[in-house]
Amino acid sequence: MTAHRDREILLALAGVTCGYSAEAVLVDVDLAVASREFVGIVGPSGAGKTTALRVIAGSMRPARGTVTRRPGLRMAYVPQVETINWSFPVTVQECVLMSRVHGRRLPWASRAERAQVAQVLGRLDIGDLAGRHIRELSGGQQQRVFIARALLGEPELLLMDEPTSGVDVRLRHEVLHLLDDLNAGGLAIVLTTHDLNGIAAHLPRVVCLNRSVIGDGSPHDVLTPDVLERTYGASMQVLEHGGMPVVVDSYRREHSHHVERSL
Amino acid sequence: MIDELLRPFDFEFFRNGLIVATMAGALCGAIGVYVVLKGMSYIGHGLSHAIFGGFAASSLLGVNFLLGAGVWGVASALMINAVTRRRVIGSDAAIGVITTASFALGLALFALFGGVGRSFDAALFGSILGVGTEDVIAIFVVCLLAASLIFLRYRALLFTTFDPEVADVAGVNTARMDALLTVVLAGSILATMQVLGVTLIAAVLVIPAAIARMLTNSFARMLQLATVIGSVCGFVGMNLSYHLDIQSGPTIVLTAATLFAAVFVVTGATGRRRAAGITAPAPLAVRAD
């Protein structure tokens with residue numbers, strides 16, 4: 001593996017094309033992720049964001065192109081919370097512990113494993129919820145349980161599918177701040193999201209995807225009207241607020257002018 | 001009264017039947033937890049019918065029942081598993097075709113050539129008559145295999161059942177887990193067919209797991225409870241079968257159903273809310289875009 005921005009490359013997609021049937025969802029995608037990076041993949045529905053995560057995770061093989069992972073790379077995947085079966089009979093501790101599938105084979109947790117689970121739950125401020133059923137938790141606590149399950153495997157790269165989807169503003173900030181802290185601790189993170197402004201405020205690197213990579217870089221470089229229009233197929237304006245780009249769709253902007261005039 | 005209750009224990013066929021029914025209940029209770037949580041109830045139902053074809057063929061050809069129906073059952077199980085995983089065509093439709101065709105073949109073979117060896121009624125509805133040492137050994141072996149699988153691959157099976165896509169990324173061979181589970185399911189159906197009957201096995205797979213789900217929110221406790229409940233239903237149902245002179249399959253299922261109704265009433269809204277999710281199939285996949 002070669003150095004990338006003075007960091008070790010964890011994985012690289014080169015010319016990746018893949019899909020679910022004859023139709024390609026991703027076309028000729030190049031993407032590299034280095035250690036300790038925090039990358040957000042944005043794009044419209046159907047752009048191939050989840051497919052890109054699946055290719056990175058190795059649960060889907062590309063029809064063309066190559067995926068190179070650093071030997072021994074430890075990855076963990078946090079799925080969309082909407083896909084979780086919340087009726088499944090599993091407590092927080094059982095849920096977190098199920099990711100420990102290698103090594104110890106006995107069903108019950110060892111003393112060391114119980115301590116590790118307590119430690120990771122405590123780190124995420126849900127240490128007192130170990131015996132609760134996963135459905136009995138708030139939205140933020142549920143998200144943390146699945147992050148805890150991922151962290152128990154001590155990954156170097158965390159993949160998250162739409163962690164801010166369907167959550168309110170407060171919870172979105174809570175999740176993104178938590179991920180910021182984990183990234184500051186050395187964990188590389190790749191997430192997908194629809195939340196352009198949340199990503200601009202928190203993430204140092206944005207990848208605009210619509211079947212292929214339209215833009216890749218810092219929010220300042222990538223979140224431009226031209227890149228966004230090519231990504232979303234709709235006109236968008238980018239304003240500056242507190243030194244950060246703020247994306248406003250043109251309809252909303254025109255509409256607000258209209259309201260101001262009528263006042 | 002006590003003498004009357006203990007009288008059937010004088011007969012070897014009853015003792016064998018009781019051992020097989022109790023172990024069958026425990027086995028189906030444990031495997032049933034995975035069956036209902038993975039949304040495989042229809043596979044369990046279909047597989048029991050598919051094995052009937054193997055039972056008829058081995059009966060007519062004079063081949064050992066456990067060998068003939070076993071090969072047939074494992075082949076059907078692997079075929080169903082492959083169709084379900086690959087989603088070549090609608091899995092329900094594929095399972096329906098494979099299993100009902102196999103069941104129909106069994107019926108046709110019996111109609112054309114008549115039964116040899118094990119009885120037609122016993123295969124369909126279960127019977128304690130004719131339960132021999134061979135059946136006790138068969139159920140013991142399958143219980144041992146199922147217990148080994150659950151004990152040694154507990155976490156991988158739980159992960160695969162709850163969240164197969166993430167389990168795959170975590171390094172679990174989910175295809176192998178599904179295949180192993182389906183083969184053990186086929187073995188369980190085969191070994192319990194004599195006392196439960198192919199038409200009623202699905203109920204014994206589902207009811208103890210559903211009762212256990214109403215009583216707990218923990219997977220480990222659900223597994224333990226379903227195993228105990230299944231074995232109790234097998235034991236009580238087999239005794240009732242003798243004393244009421246009804247086939248063993250219906251009495252075991254009715255015992256389980258009665259317990260289900262009692263727990264349903266006692267646990268109230270909490271139990272109903274817990275059990276509401278078990279008939280829903282696990283999420284198919286992460287929304288892909």
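Analyst: Happy to. Strand E4 (residues 38–42) of chain A pairs with E9(A) in the parallel sense, over four bridges, so let's take E9(A) as our part; please keep in mind that this is a predicted model. Within that pairing, A:Val42 has A:Cys208 of E9(A) as its bridge partner.

A:Cys208 also has a bridge partner in E10(A), namely A:Gly215. That brings in the other pairing: strand E10 (residues 212–217) of chain A runs antiparallel to E9(A), and five bridges join them. E9(A) and E10(A) form a hairpin with one residue between the strands, and here A:Arg211 takes a positive phi near 70°.

How enclosed is the strand itself? E9(A) covers residues 205–210 of chain A, and five of its six residues are buried, so the rest of the structure largely encloses it.

On the chain A side, A:Leu159 is in contact with residues including A:Leu53, A:Ile56, A:Met75 and A:Val190, leaving aside its neighbours within four places in sequence.

Chain B, for its part, has 13 helices and zero strands. Its radius of gyration is 19 Å, close to the 19 Å that the globule rule gives for 289 residues, so chain B is as compact as a globular protein of that length. Buried residues make up 54% of chain B.

Technical notes: Residues are numbered from 1 along each chain as its sequence is written. Chains are lettered from A and ligands numbered from 1 in the order in which they are written. This is a predicted model: local features need pLDDT of at least 70, side-chain atom pairs count only at pLDDT 80 or more; totals for chains, interfaces and linings use all residues. Two residues are in contact if their C-beta atoms, placed from the backbone, lie within 7 Å. Helices (H or I, at least four residues) and strands (E, at least two) are DSSP runs, numbered from the N terminus. The radius of gyration is taken over C-alpha atoms; the globule rule is 2.2 Å times the number of residues to the power 0.38. A residue is buried if 20 or more other C-beta atoms lie within 10 Å of its own, exposed if 12 or fewer, and partly exposed in between; C-beta atoms are placed from the backbone. Two strands pair if DSSP finds at least two bridges between them.
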